[in-house]
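Q: I'd like to learn how to read a protein structure, one feature at a time. Can we go through this one together?

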Amino acid sequence: MSTDKTAVDAADDESTFDDEDTLDDSFEDGTDETSDASRRASVRRKASEGAAALSKPAAEVSAAASTAASVTASLPAMLVEGVRNLLARPLASYQLVLTMAFMLTAFGLVMVLSASSVEGYSQEGSAYGLFTTQVIFAGLGLVVFYLMLRVPVRLLRRFAAPSMAIAILLLGLVLIPGIGTLSQGARRWFVISGVSVQPSELVKVALCIWGAHLLASRRRDNASIKELLIPLVPVAMLVCVLIILEPNLSTTITIAIIVGAMLWFAGLPIKVFSAFAVSGVVLAVILALVEGYRSQRVMSFLGGIDDPQGAGYQARQATYALANGGVFGVGLGQSSAKWNYLPNAHNDFIFAIIGEELGLLGGLLVVFLFVLLGYIGFRIAHRSTDPFLRLMTATITVLILAQAFINIGYVIGLLPVTGIQLPLISAGGTSTLTVLAMLGLLANAARHEPEAVATLTTGSQGRLARILRLPTPVAYRQTRAETLRDRLDQRRSARGRPAGRTAGRGAPGRAGTSGRAGAQTGRGRPAEPADSQGRFTMPWKRAKTAEPAPARGASARRPAATGRTRPAPSARAGVDYRGGYPGAGSARRSASPGWRAGAHQPRTPRSADPGRDRPTHGRAGRR
């Protein structure tokens with residue numbers, strides 16, 4: 001049985017093998033054609049995938065190139081839009097002033113350390129001696145910056161005259177032997193506990209504040225020349241005489257710049273201003289030629305003296321330093337001119353060290369920073385509504401820019417050497433202190449812009465303001481005396497009575513121009529708007545264009561039965577710098593019994609009101 005079973009299994013296995021061979025043969029014979037087709041299809045598929053893979057990077061590159069081109073084309077527009085958005089912020093001016101003050105101070109400290117290390121080591125045995133003094137004055141300057149930022153505007157105006165008197169007194173005391181210190185043939189400093197103070201630098205701040213207060217308190221559309229010049233010019237001449245006796249011609253030039261800027265923005269007629277400017281230039285030339293070393297500098301600049309080791313030594317060494325710097329400079333701290341080749345390298349000629357160590361790019365950076373600071377200052381002056389702040393900020397801006405570009409001008413050889421320092425960059429303790437005080441006043445004025453006041457009064461102060469505990473600014477309002485004087489000026493202009501020369505710089509035919517659309521001249525025709533004259537808008541003209549406050553009633557202006565227009569009563573309080581800024585109308589009424597609601601608002605001119613042609617019988621005079 002087992003033998004038969006084994007035979008049967010072997011037969012089955014042989015039949016199975018035969019069947020598999022038969023199936024393999026039949027499969028190979030039937031799929032030859034299909035396998036060739038599938039191979040060709042797979043080859044075509046792989047070729048198409050390879051082509052797609054090769055074309056994909058090219059497409060991506062072209063798309064990336066187009067995107068980069070569009071971004072590059074829109075980059076200037078994006079930058080312009082970003083700058084516009086930054087400047088549109090209510091506190092943009094304030095934040096920019098803070099940024100510029102700290103940037104210039106930090107940059108100046110770095111350059112003073114680099115420029116004074118060699119001279120400090122040779123004189124005092126320490127490379128950080130002059131730098132330490134500069135750091136101390138910079139710290140004091142930041143404290144003064146903070147105080148100027150906090151002080152209310154009414155206090156600035158209240159103490160303007162006493163501060164000017166104190167500054168003049170210090171100028172007189174420094175000339176007394178035993179009180180003032182004599183150094184390098186000049187008596188300009190007080191030495192207190194080893195720290196020197198220069199009163200001629202302090203008088204700059206005092207003159208900016210006092211002059212702006214004086215001209216703003218006397219503002220009138222038809223202010224006479226006498227009101228503009230007296231007592232500002234006599235006091236400035238006294239200050240200049242005291243400074244010349246030190247002697248110090250460079251500070252005398254800056255005092256003349258301050259007075260000239262104030263008179264320009266206050267509306268001095270162009271003929272009088274030109275005569276004033278020409279007289280100042282002639283006087284400066286005479287003073288420069290009287291003194292021996294000054295005349296040698298001027299003659300060396302003009303080419304009359306060719307003495308490389310004499311009068312033209314500093315200017316020539318400064319030129320060598322700038323040429324050595326090239327475009328990119330030799331590196332910070334690597335200057336060779338500061339190794340006693342260039343005198344006063346850390347002070348008057350520090351811009352030459354900047355040009356040598358940082359190159360042309362570093363010099364252009366300094367110029368750009370001062371140009372930006374000038375733009376910020378004029379922006380604050382343009383946006384302020386307080387005539388005092390407008391005059392003060394515009395004058396401070398002109399002063400800082402003039403000092404910076406005079407210094408850069410004589411370092412690069414465009415001007416004769418005068419000794420004016422580069423603000424916040426040159427080593428000079430009192431100069432740094434006064435410039436930071438001026439920037440603090442600019443920041444204070446920036447916080448009093450209308451948009452800034454509206455933002456800060458709503459309680460949305462920044463974190464820095466909360467840390468520094470800065471007071472909330474108060475919007476500007478006209479005083480009652482200013483309002484009544486404006487009304488009197490309007491009536492005089494409407495009647496055709498010449499009350500003096502106009503405040504604008506033009507012909508006498510512009511007398512009576514009030515600077516507002518709709519105002520009338522003495523001839524009865526509409527006055528030309530201030531903006532159409534193409535010059536800096538006068539401070540009081542912008543203040544008058546402010547919109548009236550909402551009245552207590554149905555409308556801001558209600559017509560009377562006689563057809564004339566009378567302003568409605570208003571709860572808005574006026575500003576009296578002698579009595580302070582009132583918080584509300586009720587407080588103002590209680591403080592001043594003679595105060596009346598709506599008295600501060602301008603009234604319709606008599607010539608435009610047919611119902612007011614009857615005589616006043618002296619009523620305007622009694623007001």
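Q: Leaving aside its neighbours within four places in sequence, which residues is N407 in contact with?
A: Keep in mind that this is a predicted model. Once you skip the neighbours within four places in sequence, N407 is in contact with D348, F351, I420, Q421 and L422. N407 itself is found in helix α15, which covers residues 387–411.

Q: Is N407 buried or exposed?
A: Look at relative accessibility here: under 20% counts as buried. N407 comes out at 0%, so it counts as buried.

Q: And which polar contacts does the side chain of N407 make?
A: Let's take two of them. A polar contact of 3.0 Å links the side chains of N407 and Y410. The N407 side chain also reaches the backbone oxygen of I420, at 2.7 Å. I420 is also one of the residues on the contact list for N407.

Q: Okay, now sheets. How do strands pair up in general?
A: Strands of a sheet pair through backbone hydrogen bonds, and they can be parallel or antiparallel. In this structure, three strands make an open sheet in the order β1-β2-β3, with antiparallel pairing.

Q: Why is one side of β1 and of β3 left without a neighbour in the sheet?
A: Both β1 (181–183) and β3 (195–197) stand at the edges, and each has a single partner strand, so one side of each has no neighbour in the sheet. From one strand to the next, the twist averages 50 degrees.

Q: How many bridges join β2 to β3?
A: Three bridges join β2 (residues 186–192) to β3, and the two run antiparallel.

Q: Let's zoom out. How many helices and strands does the chain have, and what share of its residues is buried?
A: The chain has 22 helices and five strands. Of its 623 residues, 43% are buried. The chain exposes about 31400 Å², and carbon and sulfur atoms supply 63% of that.

Q: What share of contacts join residues at least 24 apart?
A: Take the contacts between residues at least 6 apart in sequence: 70% of them join residues at least 24 apart.

Definitions and conventions
Residues are numbered from 1 along each chain as its sequence is written. This is a predicted model: local features need pLDDT of at least 70, side-chain atom pairs count only at pLDDT 80 or more; totals for chains, interfaces and linings use all residues. Side-chain values use heavy atoms; hydrogens and water are left out. Helices (H or I, at least four residues) and strands (E, at least two) are DSSP runs, numbered from the N terminus. Buried means under 20% relative accessible area, exposed over 50%, partly exposed in between (1.4 Å probe, protein chains only). A polar contact is a pair of N or O atoms within 3.5 Å; within protein, one must be able to donate a hydrogen and the other to accept it, and residues adjacent in sequence count only if both atoms are side-chain atoms. Contact means heavy atoms within 4.5 Å. Accessible areas come from the Shrake-Rupley method with a 1.4 Å probe; for residues, only the protein chains shown count as cover. Two strands pair if DSSP finds at least two bridges between them. Axes are lines fitted to C-alpha atoms, for helices over the stretch in contact, and angles run from 0 to 180 degrees between N-to-C directions.
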